[in-house]
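These are my notebook entries on a structure that I am opening for the first time. I would like to see the sequence and the model before I write anything down.

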Amino acid sequence: MDTGRAPHPRRHAPRPARLAAAILLAGLPLTAAGAEPPTVSLRPGADIQAAVDRHPPGARFRLEAGVHRLHSIVPKDRNLFEGAPGAVLSGARRLTAFVHRGPVWIARGQTQKGRVNAAEFCRAGFPRCAHPEDLFIDDAPMLHVGSRSAVGPGRWFFDYDADEIVIGDDPTGRIVETSVIPRAFGGTASGVVIQALTIEKYAAPIQAAAVDAEFGPGWTIRNSVLRLNHGVGVNAGNGSRILDNRILDNGHAGFSGSGTDFLIAGNEIARNGYAGVDFHWEGGGGKVTESGGGGLIRGNCVHDNVGAGIWADIDVHRLVIENNLVFGNADNGITYEISYDGVIRNNRVADNGQRGQGWFWGAQILISSAQGVKVYGNDIDVPGGYGNAVTVVSQDRVPYTPAVGNEIFDNRIVIRNVNARIGAVTDVDADNAVVAAGNRLYGNRYHLADPGERIWFWNDAEADWDAIRAQGQEMGSVVHAGIPQKTPLSCPSMAPTDNVR
């Protein structure tokens with residue numbers, strides 16, 4: 001019956017629309033009628049990029065067990081890539097056909113040639129460190145030499161003009177691979193998640209990463225293994241989360257990063273730097289550059305890298321480095337360089353700097369031409385034969401100098417090496433007094449073999465305990481005579497190993 005009344009307006013949207021709106025507000029992937037996004041199973045040999053292209057943003061991809069070779073993936077927003085146990089994403093081609101000639105074996109038809117970067121920074125003995133192609137025999141990288149005549153056991157040569165790889169080891173019965181593809185993941189999509197995958201043997205150039213999250217905001221890489229990539233394992237960007245991974249044995253560095261509000265936490269970062277790059281220029285565990293703030297490096301185990309352990313360099317602001325275990329790295333344990341307002345706290349830092357450059361380098365913690373850095377609550381152990389404790393180095397690097405406003409306090413510092421130093425130094429003579437007055441040491445607890453050791457360097461002079469306190473430093477600090485027994489260091493069980501073959 002017609003009552004003559006207008007229909008009453010709905011006070012609420014229909015339920016499906018309300019559900020869709022809630023999903024969008026939550027930032028979750030949305031498909032038709034608010035359904036769960038599809039999960040796509042991909043076996044080795046499937047075209048991963050074609051599958052990504054066929055499915056909507058938010059689709060999930062499960063890489064099944066086995067080796068997925070020669071893929072470079074540009075995700076869509078909110079894609080998730082997950083590996084089944086034993087899933088490996090490899091940038092390498094397996095070599096099986098060889099011609100044996102005298103002392104060498106030759107693989108023909110090799111036309112790959114990636115971008116050469118930083119050739120001027122190759123160390124002596126690594127003539128082709130800047131070439132991104134590697135050769136692996138049974139998962140071990142061989143040394144890329146500069147000529148056919150230099151090939152021998154453990155050595156190989158890529159004759160790019162002849163399209164031939166020449167190796168000096170008998171490949172019979174062995175797995176021989178060469179890296180071909182420069183990148184596993186990259187692009188500008190947001191909210192991408194990569195988890196439970198081994199990502200290995202990508203021909204990433206020096207300073208480039210196998211997993212590049214720099215240009216896609218909010219990527220998460222977790223519970224994965226990133227290893228044996230020529231350049232960098234993973235590069236973090238705005239809002240990145242690099243969590244609970246094993247970042248091992250990469251050629252240049254384990255990680256890199258820039259941008260803001262990133263988190264690098266719970267990872268083992270070890271033995272990176274096999275490519276032979278001059279690690280005093282760059283390389284080792286990992287480096288953050290040009291970060292506007294909000295970065296956090298927390299709870300990682302960073303050890304035995306060929307270079308520095310953790311490095312902030314070039315316009316990094318307000319980076320927090322906390323609760324990490326950093327040991328056995330060839331250069332400084334933690335470096336904060338030409339940057340501002342860092343916090344380095346509650347780390348355990350030991351046995352770093354064996355291959356440092358002398359002077360005040362090779363420190364457990366180095367503040368290099370930086371300002372406003374606070375170093376506190378750390379457990380610092382300088383080994384018996386090398387390395388420094390905590391040093392502030394001020395050089396002519398305007399606008400970052402003089403290095404002032406830095407505070408080193410409330411640390412436990414064990415010094416087993418009588419030649420080790422803690423203090424502030426400048427190679428700009430006019431700045432000696434400014435640097436000495438502009439930095440502070442206080443409230444630290446020292447363990448020395450002899451309390452009379454002159455371990456401090458301040459205002460261009462060595463100082464013992466009485467002399468450093470006469471300059472107004474180390475107020476509230478104490479010195480204990482005697483060196484505590486050294487405790488062997490190792491990483492706790494931090495991340496899965498299922499996908500490491």
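I began with Pro-402, which I found in the loop between β38 and β39, where strands (E, at least two residues) and helices (H or I, at least four) are DSSP runs numbered from the N terminus. The peptide bond that joins Thr-401 and Pro-402 is cis, with omega at about 0°. Pro-399 lies in the loop between β38 (388-394) and β39 (407-409), and a cis peptide bond, with omega of about 10°, joins Val-398 to Pro-399.

Before going on I noted that this is a predicted model, in which local features need pLDDT of at least 70 and side-chain atom pairs count only at pLDDT 80 or more, while totals for chains, interfaces and linings use all residues. Residues are numbered from 1 along each chain as its sequence is written, and side-chain values use heavy atoms, with hydrogens and water left out.

Next I looked up backbone angles. Asn-323, in the loop between β30 (320-322) and β31 (325-327), has a phi near 60°, a positive value in a residue other than glycine. Asn-323 counts as partly exposed because its relative accessibility is 40%; buried means under 20% relative accessible area, exposed over 50%, and partly exposed in between, with a 1.4 Å probe and protein chains only. Asp-460, found in the loop between β44 (456-458) and β45 (461-463), has a positive phi near 65°, and this residue too is not a glycine. With 48% relative accessibility, Asp-460 counts as partly exposed.

Is Asn-305 buried or exposed? I found 2% relative accessibility for Asn-305, so it counts as buried, and I placed Asn-305 in the loop between β28 (301-303) and β29 (308-313). Its side chain reaches the backbone oxygen of Ile-269 at 3.1 Å, and a polar contact of 2.9 Å joins the side chains of Asn-305 and Asn-329. A polar contact is a pair of N or O atoms within 3.5 Å; within protein, one must be able to donate a hydrogen and the other to accept it, and residues adjacent in sequence count only if both atoms are side-chain atoms. Leaving aside neighbours within four places in sequence, the contacts of Asn-305 (heavy atoms within 4.5 Å) include Ala-270, Arg-271, Gly-284 and Gly-328.

I then turned to the sheets, where two strands pair if DSSP finds at least two bridges between them. An open sheet of 11 strands with mixed pairing runs in the order β17-β20-β23-β26-β29-β32-β35-β38-β41-β44-β45. At its edges stand β17 (209-212) and β45, each with a single partner strand, so one side of each has no neighbour in the sheet. The twist averages 20° from one strand to the next, taken from axes that are lines fitted to C-alpha atoms, with angles from 0 to 180 degrees between N-to-C directions.

Within this sheet I followed β23 (residues 253-257), where five of the five residues are buried, so the strand is largely enclosed by the rest of the structure. Strand β20 (residues 232-236) is joined to β23 by four bridges and runs parallel to it, with Val-234 partnered by Phe-255. Four bridges also join β23 to strand β26 (residues 284-288), again in parallel; Ala-253 has Gly-284 as its bridge partner, and Ser-256 has Lys-287.

A further open sheet, of five strands and with mixed pairing, has the order β7-β8-β13-β12-β11. Here β7 (99-101) and β11 (143-144) stand at the edges with a single partner strand each, so one side of each is left without a neighbour in the sheet. Strands β8 (residues 104-108) and β13 (residues 164-167) run antiparallel and are joined by four bridges, in which Ile-106 is partnered by Val-166.

My last entry concerns nonpolar cores, a core being a set of buried Ala, Val, Leu, Ile, Met, Phe, Trp, Tyr and Cys residues joined through side-chain atoms within 4.5 Å. Which residues touch the most other members of the largest core? In that core of 77 residues I found them to be Phe-185, Ile-194, Ile-199 and Trp-456. A second, separate core of 12 residues includes Leu-95, Met-142, Phe-158 and Tyr-160. Returning to Phe-185, and leaving aside neighbours within four places in sequence, I listed its contacts, among them Ile-73, Phe-81, Leu-89, Ile-194 and Trp-219.
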